[in-house]
Amino acid sequence: MSESEIPPVRKTKKITLPILQKLKNEGQKFATLTAYDFSMASTINDNHIEVILVGDSLGMTIQGHTNTLPVSIEDMIYHTKCVVAGAPLPLIMVDMPFATYSTAQDALITAAQLMRVGAEIVKLEGKDWLIPIIAKLSEQGIPVCAHFGLTPQFVHQLGGFKVQGRTKSAAEDMLNNAKAAEAAGAKIILLECVPVNLAKKITKAVKIPVIGIGAGKDTDAQVLVIQDILGLTKRPARFVKNYMDQENNIQNAIKAFGQEVRDGLYPEPQHSFES
């Protein structure tokens with residue numbers, strides 16, 4: 001799809017959850033990139049990426065930590081404000097930081113702080129224990145993205161950044177959790193480092209959009225970290241594609257990522273994992 005073929009709704013209209021749901025229903029893919037500051041958010045906005053994730057990955061990309069655990073709610077509020085100022089068109093998704101949503105009450109307090117500064121959907125990592133928290137947030141008008149698979153906030157429990165859902169029981173649990181999250185009111189599912197066949201099965205099993213990262217080509221959308229697509233990461237993960245290798249500037253790299261996602265050209269098999 002060339003730039004001229006991008007539907008006008010993706011170029012001039014504010015992206016909302018109903019628009020993303022319509023894209024899923026029509027079998028059209030959409031793109032997501034992380035951003036943490038005004039200038040990058042503005043560049044992503046101008047190049048028609050549908051969703052911006054203000055990720056707690058900023059702990060690694062911006063703050064220089066080895067994982068996301070040190071990121072605070074104050075950090076997330078600050079960076080969300082910066083991104084919102086530069087990106088009027090994409091849907092703004094924001095991570096809830098580590099240990100700020102252990103109970104429904106904690107989750108409500110954290111989510112409210114993020115929503116007040118411009119978050120339009122919050123993302124939570126976990127498993128079945130998330131379901132009642134998702135239900136409570138949804139009940140209070142707070143849209144939720146449920147993040148399953150490799151959940152970076154659980155890196156020590158998982159023993160590192162490893163592919164999840166490779167055993168039959170783990171795959172069944174993830175599928176059941178995705179269905180339960182949808183039933184509880186989640187508006188989006190995010191799958192990270194999940195075998196291709198499992199991601200495909202989950203994407204078909206739920207009616208809400210599924211965003212993948214290292215989860216194969218069959219999800220409804222893809223997300224990557226902006227530093228990764230620009231070749232700024234020293235040891236990128238297998239699922240990363242460096243778009244600066246084929247483009248001559250940041251704007252074209254962002255645009256190319258979005259086009260390849262919509263056209264189904266990214267990810268390729270080498271960016272994915274088998275069972």
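## The largest pocket

In this predicted model, the largest pocket has a volume of about 900 Å³. A pocket here is an open set of points on a 1 Å grid over the protein atoms alone, where a 1.4 Å probe fits and protein lies on both sides within 12 Å along at least five of seven lines; lining residues have an atom within 4 Å of a point. A volume is the space filled by probe spheres set on the points, which are joined across faces, edges and corners.

The lining takes in 37 residues, and S57, M60, F161, V225 and D228 lie nearest the centre. Two or more residues each come from α4 (58-61), β4 (121-125), β6, β8 and α11 (226-229). Helices (H or I, at least four residues) and strands (E, at least two) are DSSP runs, numbered from the N terminus.

## The strands around β7

Let's turn to β7 (residues 210-213), where V210 and G212 point one way, I211 and I213 the other, and all are buried, meaning under 20% relative accessible area with a 1.4 Å probe, protein chains only.

Strand β6 (residues 188-192) runs parallel to β7, joined by 4 bridges; strands pair if DSSP finds at least two bridges between them. I189 has V210 as its bridge partner. On the other pairing, β7 and β8 (residues 221-224) are parallel over 2 bridges, with I211 opposite A221.

## Notes on the model

Residues are numbered from 1 along each chain as its sequence is written. Local features need pLDDT of at least 70, side-chain atom pairs count only at pLDDT 80 or more, and totals for chains, interfaces and linings use all residues.

Conventions. Side-chain values use heavy atoms; hydrogens and water are left out. Buried means under 20% relative accessible area, exposed over 50%, partly exposed in between (1.4 Å probe, protein chains only).
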